[in-house]
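These are my notebook entries on a structure I had not examined before. I set down what I looked up, in the order in which I looked.

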Amino acid sequence: ARGASPEPASALVAPTAGAAPMDRVRHIARHVAAGAAEPGGLKSQDVAAPPIIVTLIAAGNSGHVCAALFEENTKGRVKTQLLTSKPHMFKSMKLRVKFPTGEYQEGRLHKVSDDPAELIPQSDIVIWTGPVTTTKATFENIRPYIDNRKTAVGTIFAQGLVHLLAQRTFGPDVRFFALRNIPWLCRMVKVGEESVIVGAKSNIEVMTINLDLSWVKRELEPLFVVQKTGKWEPVIDILPDFCPIVFNPANQIIHPARYWALFRHWRGEPLSDDKEPSEWLYRGMDEVAGEVLVVLDEELQLLKDAFYRATGAEGCKAVIPLKDRLLEQYGDQIEDKSTLAKMVGTNQAYSLAKTPFIRTKLGVMPDPNHRVITDDIGWGLCTLVSVAERLEAAGIQTPTTMMRMLIEWHQKLMGKEFLYNGKLRGRDCADLVLLRPGEPLELVARPAMVGAPQQWLSSVDEQPEDRIGNP
């Protein structure tokens, strides 16, 4: 019921009697790691701790959910601020979220503004919840107000080389976290008022720079849990490096394959009648899109394997094929597992997403500015190809034929130029975050740490010198 008290800690759901022994061990270990959390998301000793100021940037689906969860999850310890271009839409300062159980939780915003100078300087944590493609502009605009000694900056969904962007923007001492997956399947119901969690996730993963596991468990995990449902989830596990984010078999391969297949008959004129694409982005995915997706996933896995052989980055071991990831994450929600297209197209968790397009009197046109395109080309496939090009420069060949074809098709649609003569040398590459020529491959896995010698200085010291004095 709305306004009901949180479930006591003892009500947290335990594994069923038939669960495997290791499942029980993992379950116990997660709750021990979470600090035997009490209702409200805090350990007993944290109740008297000083308040934490958390600023959300952008007010989309996940931003609305965060605003509704944080206050009660932390027993009021967290004071939530919102940086948005539409502060007038949040006059009530109260937002609520509905859980799959039918219960509601309400949270209060303590300050809303469209001026970063009003919110960022006093923030302990800043969470970016907006589109991936605008991450660079956002980081650059808040940079003057970030004090790395005080404020941790993070993204609620990370893609591409966002960790390199964070370090390039805020400096090597940045305190940064990147969630590999959004904590819940969610959507906004009414701007400034209500959102709904369609489905929670039992665990998600994070990678950090200059932040340790104890900080993640103490400050980050309690923010996102849906404890009112009787479960402490999602539990946040820390990754060994950023490879599972960079090589994530998710949106960055699913969306380009599907969108190309939906609009493959488009020749610059609106599509109508039997050529008009499905209104559903995932539902009913055809085998044409499915076969392209199979090849993309194969190229991604080969790229990840080549990177692992070159660097030994442990996180590569967590990057599994898309089919395996779908079964692991959504197995009981997938009706037909016969092909990859059927797995995506009959996944209940994906069923409500609609195809972005522009409707005209003559039919529909693709929408070149939608994040399904902008996020997953510039911050997805282009990032992967930049890693492949860097491997190639090191003498390691890995195929990216399908990736490059889809970049070429989408960049024409977008009016952009990333690939030029088959290489990432186009005029718009400056807007992206790519692995630069000459940069160490290891930066894909983790950025250079504070105190590490600069690359130019290391190369000077490593030069052999067989002579004695000057000739």
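Predicted model: local features only at pLDDT ≥ 70, side-chain atom pairs only at ≥ 80, totals over all residues.

Entry 1: helix α8. With that cut-off in hand, I went through α8 and found these residues buried: Gln252, Ile253, Ile254, His255, Pro256, Ala257, Arg258, Tyr259, Trp260, Ala261 and Leu262. The count is 11 of the 12 residues of α8, and therefore the helix is largely enclosed by the rest of the structure. I then checked the length of α8, which covers residues 251-262. At 1.5 Å a residue, its 12 residues should span 16 Å, and the C-alpha atoms at its ends are 16 Å apart, so the two values agree.

Entry 2: I looked up Ala250 and located it in the loop between α7 (243-246) and α8. Is Ala250 buried or exposed? Its relative accessibility is 9%, so I recorded Ala250 as buried. I also compared sequence and space for one pair: Ala250 and Leu326 are 76 residues apart in sequence, and their C-alpha atoms are 9.1 Å apart.

Entry 3: the chain as a whole. I counted 14 helices and 15 strands in the chain. Of its 471 residues, 51% count as buried. The chain exposes about 21,200 Å², and carbon and sulfur atoms supply 52% of that area. Taking contacts between residues at least 6 apart in sequence, I found that 74% join residues at least 24 apart.

Entry 4: confidence. I noted a mean pLDDT of 87 for the chain, with 85% of the residues at 70 or more. Over residues 1-29 the pLDDT is below 50, and this stretch has 35 contacts in the model beyond near neighbours in sequence. Over residues 452-471 the pLDDT is also below 50, and there I found three contacts beyond near neighbours in sequence.

Entry 5: Gln81. I found Gln81 in strand β2, which runs over residues 78-83. Its relative accessible area is 5%, so Gln81 is buried. Which residues does Gln81 touch, not counting those up to four places away in sequence? I listed Ile53, Val54, Thr55, Leu56, Leu109, Lys111, Leu119, Gln122 and Ser123.

Entry 6: aromatic rings. I found nine aromatic pairs in the structure. Phe70 and Phe224 form one of them, an edge-to-face pair with 5.8 Å from centre to centre and 70° between the planes. This pair links distant parts of the chain, for Phe70 is in helix α2 (residues 61-73) and Phe224 in helix α6 (residues 213-224), 154 residues apart. Phe70 is buried, with a relative accessible area of 0%, and Phe224 is buried with 0% as well. A second pair that I looked up, Tyr259 and Phe263, is tilted, with 4.9 Å from centre to centre and 40° between the planes. Tyr259 has a relative accessible area of 0% and is buried; Phe263, at 0% relative accessibility, also counts as buried.

Entry 7: a ring cluster. Which residues do ring pairs link into a cluster? I recorded Phe70, Trp184 and Phe224.

Technical notes:
Residues numbered from 1 in each chain as written. Heavy atoms only, no water. Helix = DSSP H or I, 4+ residues; strand = E, 2+ residues; numbered from the N terminus. Expected span 1.5 Å × (residues − 1). Buried < 20%, exposed > 50% of the residue type's maximum accessible area, 1.4 Å probe, protein only. pLDDT = per-residue confidence, 0-100. Contact = heavy atoms within 4.5 Å. Areas by Shrake-Rupley, 256 points an atom, 1.4 Å probe, with all protein chains shown as cover. Phe/Tyr/Trp six-rings, centres within 6.5 Å; stacked < 30°, edge-to-face > 60°.
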